[in-house]
Amino acid sequence: METTIKVENLSKSYGSFLAVSDLNISVERGEVFGLLGANGAGKSTSIECILGTKKADSGTVSILGMNPVTERKKLYEQVGVQFQESNYPDKITVSELCMETQSLYKTFTDYKELLKQFHLMEKEKSMVSELSGGQKQRLFIVLALIPNPEVVFLDELTTGLDVEARRVVWRSLDELKRKGLTIFLTSHYMDEVEVLCDRIGILRKGKMVFYGTVQEAIQSSNCTKLEDAYLYYTDQEGLNYESI
Amino acid sequence: MKAFRTMLKTELKLSIRGMDMIIFAIVFPIVMVILLGIIYGTKPAYDGADYTFLEQSFGAISTIAICAGGVMGLPLLISDYRHKKILKRFKVTPSSPILILAVHLVIYTIYSVVSLISVYILVKIFFHSDFNGSIFGFVGSYVLVILSMFSIGMLVGGVAPDAKTASIIASILYFPMLMFSGATLPYEVMPDTLQKVTDFLPLTQGVKLLKATSLGLSIDNIVIPVVSMSVLAILCISISIKCFRWE
């Protein structure tokens with residue numbers, strides 16, 4: 001197996017606050033990796049340091065064998081990114097946003113094909129701001145896929161969506177996984193992680209407290225469900241959640 | 001180049017859809033010309049002057065769009081795009097956020113030039129004014145005014161911590177400059193003391209240059225406006241390059 005994303009000993013502090021400490025992640029080609037943790041546990045900082053939009057204090061990152069800071073232009077021809085918050089100008093339509101994104105890449109998939117695939121074709125002329133939550137998230141997946149990437153980063157893709165919309169997004173991700181795309185995601189929903197992720201990492205106060213498969217997480221915590229295992233690992237007060 | 005063209009086309013469409021610049025940079029100067037034209041017609045600027053009041057105002061009115069784009073439009077746009085993380089988004093593409101900034105500098109330049117041309121056509125056709133100055137001098141001055149005004153906008157947008165602050169700073173700069181630099185209220189009708197104060201506004205210097213070059217007047221002291229505007233532009237550009245906040 002070929003390692004697609006390799007993070008070694010990554011650390012980042014803001015002043016005296018240690019946001020991420022000694023992070024090690026290795027994601028193989030075609031794998032879906034989920035980075036989990038409570039709000040403020042360091043997920044976004046980790047993702048940003050891996051992508052190179054934030055400068056890590058120490059450690060090394062390599063994506064597709066490239067350094068995301070020094071080889072940024074070459075790397076991002078093959079990597080799609082969707083950030084946590086939506087980022088698009090006011091009054092832009094779906095097709096305009098797709099065309100703008102497409103123009104940034106040397107090679108790309110025709111956005112109309114992707115819109116069709118994600119059932120958004122009839123929204124082509126609509127304002128992005130008028131889409132429903134689920135449609136918007138599907139559009140952001142489309143944008144991340146326009147460069148025809150080998151790796152995609154999806155930060156809290158389904159936060160704020162209703163159950164049905166989340167299922168639609170899952171199905172799309174599942175399809176991508178089957179096509180061999182490497183996916184790095186963060187999520188708050190354990191049901192989704194259980195369905196999608198081959199391996200997970202659980203962050204607590206910037207430290208990786210668990211790293212392995214979903215099954216391993218459940219077994220090593222003596223729980224029956226991932227949600228309980230997650231709480232076991234992120235449990236900050238040492239409370240026994242089984243009593244709830 | 002393909003990226004630049006696509007972005008320019010789309011962002012220009014978005015900007016026109018937003019309407020602000022159409023109103024403040026295109027319609028507003030036209031209304032000013034019509035008002036001044038109706039009030040002053042072909043009256044000379046003062047008794048015995050060999051150019052009309054309107055001809056004298058042409059250079060001033062042509063800066064309204066530059067001021068709107070540079071001092072109001074740019075800071076608001078930059079802080080908005082930063083807040084929406086659009087600038088940051090460009091950092092995870094093969095392109096760079098500088099592309100989108102360059103696109104918008106070109107868009108505001110387009111507004112300025114369209115405004116200049118429409119104002120010129122209007123004074124020429126409806127109010128029979130002539131351009132008797134030096135085209136070279138005028139264009140040079142016009143470029144210098146664009147440079148200095150846009151650099152102020154880059155600085156404000158680049159260093160303001162959020163959209164709200166950017167909008168406050170932009171308003172503090174924009175409205176006095178629009179009112180008192182001679183762009184709208186003619187400098188010549190201001191009392192002496194007010195003229196002395198407004199001489200400190202960078203746009204006042206620009207308006208003086210444009211007036212002199214459009215009327216073909218010899219300017220008593222060309223050094224002060226040229227040097228002050230160039231220094232301002234260099235200063236603003238270097239600070240914004242050094243301190244620009246991408247997120």
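**Briefing: helices and a chain contact in a predicted model**

Residues 60–78 of chain B are 89% helix and 0% strand, with end C-alpha atoms 27 Å apart. Helices here are DSSP runs of H or I with at least four residues, strands are runs of E with at least two, and both are numbered from the N terminus. This is a predicted model, in which local features need pLDDT of at least 70, side-chain atom pairs count only at pLDDT 80 or more, and totals for chains, interfaces and linings use all residues. Residues are numbered from 1 along each chain as its sequence is written, while chains are lettered from A in the order in which they are written.

**Record**
- An unreviewed UniProt entry lists "transmembrane region" for stretches of chain B including 60–78 and 168–187; such annotations may be inferred rather than shown by experiment.
- Residues 168–187 of chain B are 65% helix and 0% strand.

**Helix α8 of chain B**
- Because the expected span is 1.5 Å times one less than the number of residues, the 18 residues of α8 (163–180) should span 26 Å, and the end C-alpha atoms agree at 26 Å.
- Buried residues of α8(B) include B:A166, B:L173 and B:F180 (buried: 20 or more other C-beta atoms within 10 Å of the residue's own, C-beta atoms being placed from the backbone).
- These buried residues pack against α4, α7, α9 and α10 of chain B.
- Just after α8(B), B:G182 has a positive phi of about 95°.

**Contact between chains**
- In all, 18 residues of chain B are in contact (C-beta atoms, placed from the backbone, within 7 Å) with 19 residues of chain A.
- The largest share of chain B's side, 8 residues, comes from α1(B).

Conventions:
Contact = placed C-beta atoms within 7 Å. Buried ≥ 20, exposed ≤ 12 C-beta atoms within 10 Å, placed from the backbone.
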